[in-house]
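Visitor: I'd like to learn how to read a structure like this one. Could you show it to me and take me through some features?

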Amino acid sequence: QDAPSSPKIPPLTNGVIEIHEVTSSPRVQKEPTQFRVAGEIAGSQLEVKGSVDFRGENFGFKLDADTGDLPCSLIEAFVGASLPVKLRSGTVRVRLKNLILEPGKLNLAPALTFKGLVLEPKDPGGKIAGVDAVQFASALNAASKELDEVVIEDLKITGTLGSPRFEWGDTVKNLVV
């Protein structure tokens, strides 16, 4: 819990934390360490699971995650300050499958699902996926009215944690057109 943050982030409830194959000598263990964190947050099922492997020469970290349909107010609390739009209503779901992290490198391909999402531009000069924030918000709002859900599965995030690069596929470009 971040005391000075506002709005307050709801707690994770009905949580489960599992860790398997824990050892004091990870280089000689037979199986990688497995972990799972799951629970409910803001009425949505959240699950993060994966493995950490110190065997052999290379460090291995694998991750699967599914946030469930999180209310936009929760997403706004986490990343809202970095976006050129304000999330007004709707839900956002983030799924990661078979993410393999390498030290110092990002290589993410999340699937983003928006349901009933309504955006409001807040930075007139801001851009999302190379598109003006006003135009992006207008396109996504129109799509949200017509479709039960808007899915973006062609986003890739590469680079490093300190300097990520976002590579958008055709979904956002087609949406705006």
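Guide: Let's begin with a polar contact: a pair of N or O atoms within 3.5 Å, where, within protein, one must be able to donate a hydrogen and the other to accept it, and residues adjacent in sequence count only if both atoms are side-chain atoms. Here, the side chain of asparagine 141 reaches the backbone nitrogen of leucine 119 at 2.7 Å. Before we go on, some ground rules: this is a predicted model, where local features need pLDDT of at least 70 and side-chain atom pairs count only at pLDDT 80 or more, while totals for chains, interfaces and linings use all residues. Residues are numbered from 1 along each chain as its sequence is written, and side-chain values use heavy atoms, with hydrogens and water left out.

Visitor: Where is asparagine 141 found?

Guide: Helices (H or I, at least four residues) and strands (E, at least two) are DSSP runs, numbered from the N terminus. Asparagine 141 is found in helix H2, which covers residues 133-146.

Visitor: Is asparagine 141 buried or exposed?

Guide: We call a residue buried under 20% relative accessible area, exposed over 50%, and partly exposed in between, using a 1.4 Å probe and protein chains only. Asparagine 141 has a relative accessible area of 18%, so asparagine 141 is buried.

Visitor: And what is asparagine 141 in contact with, leaving aside its neighbours within four places in sequence?

Guide: Contact means heavy atoms within 4.5 Å. With those neighbours set aside, asparagine 141 is in contact with Leu117, Val118 and Leu119.

Visitor: Now for rings. How many aromatic pairs does the count come to?

Guide: Rings of Phe, Tyr and Trp (its six-membered ring) pair if their centres lie within 6.5 Å; planes under 30 degrees apart count as stacked, over 60 as edge-to-face and the rest as tilted. By this rule the model has 1 aromatic pair. Phenylalanine 35 and phenylalanine 61 have ring centres 6.0 Å apart and planes at 20°, so the pair is stacked. Phenylalanine 35 lies in strand S2 (residues 33-41) and phenylalanine 61 in strand S4 (residues 60-66), so the pair ties together parts that are 26 residues apart in sequence. Both phenylalanine 35 and phenylalanine 61 are buried.

Visitor: What about charges? How many salt bridges does the structure hold?

Guide: Side chains of opposite charge can pair when their charged atoms come close. The rule for a salt bridge is a side-chain nitrogen of Lys or Arg within 4 Å of a carboxyl oxygen of Asp or Glu. The structure holds 8 salt bridges. One of them joins glutamate 47 and arginine 36, with the closest N and O atoms 2.6 Å apart. Glutamate 47 is in strand S3 (residues 44-53) and arginine 36 in strand S2, so this pair ties together parts 11 residues apart in sequence. Glutamate 47 is partly exposed at 27% relative accessibility, and arginine 36 is partly exposed at 24%.

Visitor: Which residues form salt bridges with lysine 115?

Guide: One is aspartate 69, the closest N and O atoms being 3.1 Å apart. Lysine 115 lies in strand S8 (residues 111-121) and aspartate 69 in the loop between S4 and strand S5 (70-71), so the pair ties together parts that are 46 residues apart in sequence. Another is glutamate 149, where the closest N and O atoms are 4.0 Å apart. Glutamate 149 sits in the loop between H2 and strand S11 (150-152), so its pair with lysine 115 in S8 ties together parts 34 residues apart in sequence. Glutamate 149 is partly exposed, with a relative accessible area of 37%. Elsewhere, salt bridges that share partners join Glu18, Arg36 and Glu47 into one network.

Visitor: Last one: how do S4 and strand S6 pair?

Guide: Two strands pair if DSSP finds at least two bridges between them. S4 and S6 (residues 85-101) pair in the antiparallel sense over 5 bridges, and lysine 62 has isoleucine 100 in S6 as its bridge partner. S5 and S6 also pair in the antiparallel sense, over 2 bridges, with leucine 70 opposite valine 92 in S6. Then 9 bridges join S6 to S8, again running antiparallel; there, lysine 86 has glutamate 120 in S8 as its bridge partner.
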